[in-house]
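Student: I have a structure open and would like to learn how to read its features step by step. Could you walk me through it?

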Amino acid sequence: MPRVTYVEANGTEHVVDVPVGASVMQGAINNLVPGIEGDCGGLCACATCHVYVPPEWAKRCGEPEELEVNILDFAFDVKPESRLSCQIHVTPQLDGLVVHMPTRQY
Amino acid sequence: MTEILSGAALVLLDALPEAMLIIDPDGRIRYLNRVATELLGHERGELEGEPVSRVIVPQSGQRIDTVAWLSRWAEDPNSPQLRYLTLTGQARSGQLLRLSVRVAKLDRPERLYLVTMRDVTAEQREHQDVKHAYLVISRILAIADDAIVNVDQDQRVTFFNRKAEALFGYRADEILGASLDRLLPSRYRAAHPDHIESFRRDKAPSRLMGERGEIAGLARSGEEIPLEASITKVFIEGEPTFSVHLRDIRERKAAERARIESEQRFRTVFDHAMEAIALLAPDGRVLELNRATSALLGGGADAVGNPFWMLPWWPRLHDERERENRQRAMRETVERCAAGEQIRMRAELVDAGGATHVIDFSLRPVRAGDDVVAIVAEGRDITALPAS
């Protein structure tokens, strides 16, 4: 199972095995990782699963769709590496993925 | 605004219980109703003609273009995003407000957006507090030292913490929703629902399991694991959740077995030794006497617990002072041994029949680290040996 490391804004790391096909957001919620809220449950409608994906992983995570880019308008402290983690689906190629969480989701 | 709204319409908007803004496609506020002035703390005249960004303010690092979103939502008033996205308003006092908005557009006499705003600051705060409290508690339960398995009324697993994963060999996502039966040895499966049902009806909110015998779980490997378990129930809106806290007692059982075996081995050696052996506490109290002691000297059943120098086998001297002197001497000998010294001496003891035995007698300290924790007194009957 691909392993994903979630890094809280304070530096705390959570290493979690996420099944292929699940979203990075679900991996966090199912494993009670603090810092990702996922209010809308993965509809790409709430901007509370905002993460930063380091450039070396960006390509393997795929390009964000237009809706995701739009909803990111509502996220805080948006940077070029910002993504909504509910829109990143785990594949075997994402084994070892590291995502960083912002200081706030609301 | 009066150019597009008649007096009656203005009266109606002002009477609305919801805060309302009317803005134009350039994002200028054209009208705000009475509740909006109260919500934002502004006079109407201060805001009319001003950009909407005076009251709906992008926060740190937000790229949001409020007018673009309002027009987008106006085109799709049932957008799912309207349920989840809130805008951040700022009152005149500087206070930030979380605003749930609904938007409608008006095309005639000109394009305008009608925006209702509901202050959901407190609601959202409460929701977040509950969610965060849930997260804190859940994380604590997730890493608790006990395996915790929750099941619902139908005995479907609804929570399975890390220790449970390690104990049973399933990942939570493999077992959530499955029947509890998968974790029970087959011989328990038929009766288990009745046990749960009787606990559901029971007055006690929680209890130790296993009153009907030992508890065991079934790991994925097929291994049966002896467990200690307690169960607690929580009813939410009439629906029970049963939370079972399990502790793997394999190690404890193995340690218990090892202790019993070791005790048996010690007993065997102690009781089958040819020498008379007494085990003393460091203060000289007799803890145990072996069989050879009673075989040699007879009696002594009530010796345990008494000081070594008061045993019935020391010569019964009629001279009280002499007796006390000898007792004191023996007591000092024991104290020297308790301080770490090994002692060997000859002593005379009198058995229950009155016969005197010459004993080759030793006292040896038993150490644990630097401390003497016990004393072993050993005696061999050398009466029959020729004096050297």
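Student: How many helices and strands does chain B have?

Tutor: Helices (H or I, at least four residues) and strands (E, at least two) are DSSP runs, numbered from the N terminus. Chain B has 13 helices and 16 strands. This is a predicted model, in which local features need pLDDT of at least 70 and side-chain atom pairs count only at pLDDT 80 or more, while totals for chains, interfaces and linings use all residues. Residues are numbered from 1 along each chain as its sequence is written, with chains lettered from A and ligands numbered from 1 in the order in which they are written.

Student: What is the radius of gyration of chain B, and what would a compact globule of 388 residues have?

Tutor: The radius is taken over C-alpha atoms, and the globule rule is 2.2 Å times the number of residues to the power 0.38. That rule gives a value near 21 Å, but chain B has 43 Å. Its C-alpha trace spans about 135 × 50 × 35 Å along the principal axes.

Student: Which domains does the assignment give for chain B?

Tutor: Domain bounds come from an automatic or database domain assignment. Here they are domain 1 (7-121), domain 2 (143-252) and domain 3 (270-381). The centres of domain 1 and domain 3 of chain B, taken over C-alpha atoms, are 97 Å apart.

Student: Which residues of helix H4 in chain B are buried?

Tutor: A residue is buried if 20 or more other C-beta atoms lie within 10 Å of its own, exposed if 12 or fewer, and partly exposed in between; C-beta atoms are placed from the backbone. In H4(B) (residues 66-75), the buried ones are Thr66(B), Trp69(B), Leu70(B) and Trp73(B). Seen down the axis of H4(B), they fall within an arc of 100° (that of the directions from the helix axis to the C-beta atoms), so they line one face of the helix. The face turned away from that buried side carries the exposed residues Ala68(B) and Glu75(B).

Student: How many residues of chain B are in contact with chain A?

Tutor: Two residues are in contact if their C-beta atoms, placed from the backbone, lie within 7 Å. By that rule, 17 residues of chain B contact 17 residues of chain A. On the chain B side, H5 and helix H6 (121-142) each give two or more residues, and H6(B) provides the largest share, five residues.

Student: Which residues does Met117(B) touch?

Tutor: Leaving out residues up to four places away in sequence, Met117(B) touches Ala19(B), Leu21(B), Ala36(B), Leu39(B), Gly89(B), Leu99(B) and Val101(B).
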